Amino acid sequence: MKPQQTPRRRQFIAQSSAVLAASLGWPLLASAQDQVLRLIVGYPPGGGTDRVARIVGDKLQAALGSPVIVENKVGAGGRVAAQYMKTTPANQPMLMLANPAVMVVSPLVVNDVGYDADKDFVPVSEVNSYVFGVAVSSAVPVKELSHLLAWLKANPKQANVGVPATGSLPHFFALMLGQKAGVTAEAVGYKGSAPLVTDLIGGQVPVAVDTLDVLLPQHESGKLRILAVSGEHRHPAVPQVATLKESGVNLSAEGWSTFFAPRSMPPAQVQRYSGLIQKVMQDPDTLRLFKASNLDPVVSSAEQTRQRIAAYRRQWEPVIRESGYRS
């Protein structure tokens, strides 16, 4: 039978562990609980953001030599996770993997978002980027974006563009696309990518905008056709598909997944996690796993990530505000 863990005995074990850790040069943490790094994800298990967190989390656990767990705090398009993260005590290591919908869009369109993206969080490291695709059903006899835009101009009452959710990044990208192309596009919001793709294939919506990794499997199976991608360059997964700029629309856009720390985290700890994540993102096995999930890996320091987010806000804020959309 194990001896009873009295408070005095627990204190002795903790002090002994601290001495051993210091002698071996290990990072000293306040308690066993503090050694667990929690990665907060605002979306359900199995989605793109969750996959990224679990790949990086497994590698971080090996690098830290202590547990890393992923916690899914689902709700309100990722805002529940941000609200939860905001209240994190300073002595509990925690990072949140978030995207522009949480850190850029929601603060502009939600009346009481429940957090301040700048004051409550600090960027740690971007880990992946993603582009959008403009797609039609394979039954639609259009193979180039210019032909689609000409059809939409000729049929303005049918200029409906399906997006996975109103207020999402694809929603505002569709508005940007319409502006650049001279088309008054009406964004039709769905409750997720799955019903959007189903309706696109079935012809209930003529065109859709979503992230490339969502559209790619159905494109490869021949059920829909991606006409253009939003990146500056053609994507290696679909090298035959032109960019928007190559298609005559002067627009490029992409999203990102970035780890954030609570503002209360000491700067030295933020830099430590940032450095570890950068090493993880250069690991060959990480790159292999990202490629297998059609994810584009990124290596970025905390400062580089901060600058990128600032530039991103400058690009998107005017479009979001001009849309007049409020949630």
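A residue is called buried here when its relative accessible area is under 20%, exposed when that value is over 50%, and partly exposed in between. This tour applies that scale to a predicted model.

**The first stop: Ser293**

Select Ser293, which sits in the loop between helix H10 (284–292) and strand S10 (296–297). Is Ser293 buried or exposed? Its relative accessibility is 18%, so Ser293 counts as buried. Now display the residues around it. With neighbours within four places in sequence set aside, Ser293 is in contact with Arg51 and Asp213.

**The whole chain**

Zoom out to view the protein chain as a cartoon. It contains 11 helices and 10 strands. Of its 327 residues, 49% count as buried. Among the contacts with a separation of 6 or more, 74% are between residues 24 or more positions apart.

**Helix H2 and what follows**

Select residues 48–64, which form helix H2. This helix has 17 residues, and the distance from its first C-alpha to its last is 24 Å, close to the 24 Å expected at 1.5 Å a residue. Colour the buried residues of H2: Thr49, Asp50, Val52, Ala53, Ile55, Val56, Gly57, Leu60 and Leu64.

Step past the end of the helix to Gly65, which follows H2 and has a positive phi, near 75 degrees. Continue to Ser66, in the loop between H2 and strand S2. With a relative accessible area of 14%, Ser66 is buried. Which residues does Ser66 contact, leaving aside neighbours within four places in sequence? They are Gln35 and Gln61. Select Val36 as well: Ser66 and Val36 are 30 residues apart in sequence, yet their C-alpha atoms are 6.5 Å apart in space.

**The largest pocket**

Switch to a surface view and find the largest pocket, whose volume is about 910 Å³. To centre the view, select Tyr43, Thr49, Asn99, Ala101 and Ser193, which lie nearest the pocket centre among its 42 lining residues.

Which helix supplies the largest share of this lining? It is H2, with five residues. Other elements that each supply at least two lining residues include helix H4 (100–109), strand S4 (121–137), helix H6 (169–181), strand S7 (207–211) and helix H8 (212–220). Colour the lining by class to see 18 nonpolar, 19 polar and five charged residues.

**The nonpolar cores**

Hide the surface and show side chains. The largest nonpolar core has 85 residues, and those that touch the most other members are Leu95, Met96 and Trp316. Select Met96 and its surroundings. Not counting residues up to four places away in sequence, Met96 touches Ile40, Ala81, Ala82, Met85, Met103, Phe121, Thr258, Phe259 and Phe260. There is also a second, separate core of 16 residues, with Ala135, Tyr190, Val197 and Leu212 among them.

Begin with Ala76, in the loop between strand S2 (68–72) and helix H3 (79–86). Ala76 has a positive phi of about 55 degrees although it is not a glycine. Most residues other than glycine have a negative phi. At 40% relative accessibility, Ala76 counts as partly exposed.

Move to Thr88, in the loop between H3 and strand S3 (94–98). Thr88 is buried, with a relative accessible area of 8%. Apart from residues up to four places away in sequence, Thr88 touches Met94, Pro262 and Ser264. The C-alpha atoms of Thr88 and Pro262 are separated by 7.1 Å, although these residues are 174 apart along the chain.

Next, select Ala242, in the loop between strand S8 (224–229) and strand S9 (254–262). Ala242 has a relative accessible area of 16% and is therefore buried. Its contacts, leaving aside neighbours within four places in sequence, are Leu227, Ala228, Val229, Arg234 and Ser247. Draw a distance from Ala242 to Leu227: their C-alpha atoms are 7.2 Å apart, with a separation of 15 residues along the chain.

**The last stop: helix H9**

Select residues 267–280, which form helix H9. At 1.5 Å a residue, its 14 residues should span 20 Å, and its end C-alpha atoms are 20 Å apart, which agrees. Finish by colouring its buried residues: Gln269, Val270, Tyr273, Ser274, Leu276, Ile277, Gln278 and Val280.

Notes. Residues are numbered from 1 along each chain as its sequence is written. This is a predicted model: local features need pLDDT of at least 70, side-chain atom pairs count only at pLDDT 80 or more; totals for chains, interfaces and linings use all residues. Side-chain values use heavy atoms; hydrogens and water are left out. Helices (H or I, at least four residues) and strands (E, at least two) are DSSP runs, numbered from the N terminus. The expected span of a helix is 1.5 Å times one less than its number of residues. Buried means under 20% relative accessible area, exposed over 50%, partly exposed in between (1.4 Å probe, protein chains only). On a 1 Å grid over the protein atoms alone, a cavity is a set of points where a 1.4 Å probe fits but cannot get out, and a pocket is an open set with protein on both sides within 12 Å along at least five of seven lines; lining residues have an atom within 4 Å of a point. Grid points are joined across faces, edges and corners, and a volume is the space filled by probe spheres set on the points. Ala, Val, Leu, Ile, Met, Phe, Trp, Tyr, Cys and Pro count as nonpolar, Asp, Glu, Lys and Arg as charged, and the others, Gly among them, as polar. A nonpolar core is a set of buried Ala, Val, Leu, Ile, Met, Phe, Trp, Tyr and Cys residues joined through side-chain atoms within 4.5 Å. Contact means heavy atoms within 4.5 Å.
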